[in-house]
Amino acid sequence: MARPDSALLDTARYPFSCQIEPRFGDLDMNMHINNVAMAGMLEDARVRFFRQAGGHRHLPGLSTMVASIAIDYLGETHYPDTVTVLSAVERIGRTSQEIIQVVTQQDKPVVFARTVVVMVGPEGPAPLTPGYLEAAAPWVLRP
């Protein structure tokens, strides 16, 4: 898999970040953070990001569904060092948005992820609301 564009690894472009502490149980047999554990950390950070961006307030009655996720592992991650997960909206569609994330450990990018999240209502995919679109503007990837 090709490395992501280096411009997407510039942490200054991301409007949101959070710290996540790995658990000992997140390690694989090589003493690296397991790929499945990293996917869980990305998910945790996406939920925090979505809440911070106001998704729970501006999309009443809707839920989210991950339509696709691609994770590029750029380096090793180790326990017990904290990881920082940076997140931004890369693209907003009618019923979905693409969230991109960079994970750093000791200020070095170790993971890049791109996730398509679809809003879902009782009848299936549902349009993003004008209130959410307005609230999401500050959370878009910075130039």
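Is Phe24 buried or exposed? Phe24 is exposed, with a relative accessible area of 56%. That value, like every other one here, comes from a predicted model.

- Strand β5 covers residues 108-121.
- Most of β5 is covered, as 11 of its 14 residues are buried.
- Strand β2, residues 63-73, runs antiparallel to β5. The two are joined by 10 bridges.
- One of the residues bridged to β5 is Ile71, whose partner there is Ala113.
- Strand β4, residues 96-105, also runs antiparallel to β5, and 10 bridges join these two strands.
- Val102 has Phe112 as its bridge partner in β5.
- β4 and β5 make a hairpin, with two residues between them. In the turn, Gln106 has a positive phi of about 55°.
- Strand β6 consists of residues 124-125. Two bridges join β6 to β5, and the strands run antiparallel.
- Pro125 in β6 stands opposite Val120.
- β5 and β6 are joined by a hairpin through two residues.

**Thr115, a residue of β5**

- Thr115 lies in strand β5.
- Its relative accessible area is 0%, so Thr115 counts as buried.
- Leaving out residues up to four places away in sequence, Thr115 touches Arg46, Val66, Ser68, Ile69, Gln97, Glu98, Ile99 and Gln101.

**Nonpolar cores**

- In soluble globular proteins, nonpolar side chains tend to be buried together.
- The largest nonpolar core here holds 28 residues. Leu42, Val85 and Val103 have the most contacts inside it.
- Two or more residues of this core come from each of β1 (16-20), α1 (35-52), β3 (83-92), β4, β5 and α3 (130-136).
- The top contributor is α1, which gives six residues to this core.
- A separate core has 10 residues, including Ala88, Val102, Phe112 and Leu141.
- Val103 is in contact with Met38, Leu42, Val83, Thr84, Val85, Lys108, Pro109, Val110 and Val111, with neighbours within four places in sequence left aside.

**Aromatic pairs**

- The whole structure contains five aromatic pairs.
- Phe16 and Phe49 form a tilted pair. Their rings are 5.5 Å apart centre to centre, with 55° between the planes.
- Phe16 is in strand β1 and Phe49 is in helix α1, so this pair ties together parts that are 33 residues apart in sequence.
- Phe16 is buried, at a relative accessible area of 9%. Phe49 is buried as well, at 3%.
- Phe24 and Tyr79 form an edge-to-face pair, 5.8 Å centre to centre and with 75° between the planes.
- Phe24 sits in the loop between β1 and α1, and Tyr79 in the loop between β2 and β3, so this pair ties together parts that are 55 residues apart in sequence.
- Phe24 is the exposed residue of the opening question, at 56% relative accessible area. Tyr79 is partly exposed, at 36%.
- Phe16, Phe49 and Trp139 are linked into a cluster by ring pairs.

**The largest pocket**

- The largest pocket has a volume of about 220 Å³.
- Its lining consists of Glu43, Arg46, Val47, Phe49, Phe50, Thr64, Val66, Gln97, Ile99, Val117 and Tyr132.
- At least two lining residues come from each of α1, β2 and β4.
- The largest share of the lining is from α1, with five residues.

**Gly54**

- Gly54 lies in the loop between α1 and α2 (55-58).
- Gly54 counts as buried, at 0% relative accessibility.
- Gly54 and Glu134 are 80 residues apart in sequence. In space, their C-alpha atoms are 10.0 Å apart.

Notes
Residues numbered from 1 in each chain as written. Predicted model: local features only at pLDDT ≥ 70, side-chain atom pairs only at ≥ 80, totals over all residues. Heavy atoms only, no water. Helix = DSSP H or I, 4+ residues; strand = E, 2+ residues; numbered from the N terminus. Buried < 20%, exposed > 50% of the residue type's maximum accessible area, 1.4 Å probe, protein only. Contact = heavy atoms within 4.5 Å. Pairing = 2+ DSSP bridges. Core = buried A, V, L, I, M, F, W, Y, C linked by side-chain atoms within 4.5 Å. Phe/Tyr/Trp six-rings, centres within 6.5 Å; stacked < 30°, edge-to-face > 60°. 1 Å grid on protein atoms, 1.4 Å probe; cavity = no way out; pocket = protein on both sides within 12 Å on 5 of 7 lines; lining within 4 Å. Points joined across faces, edges and corners; volume = space filled by probe spheres on them.
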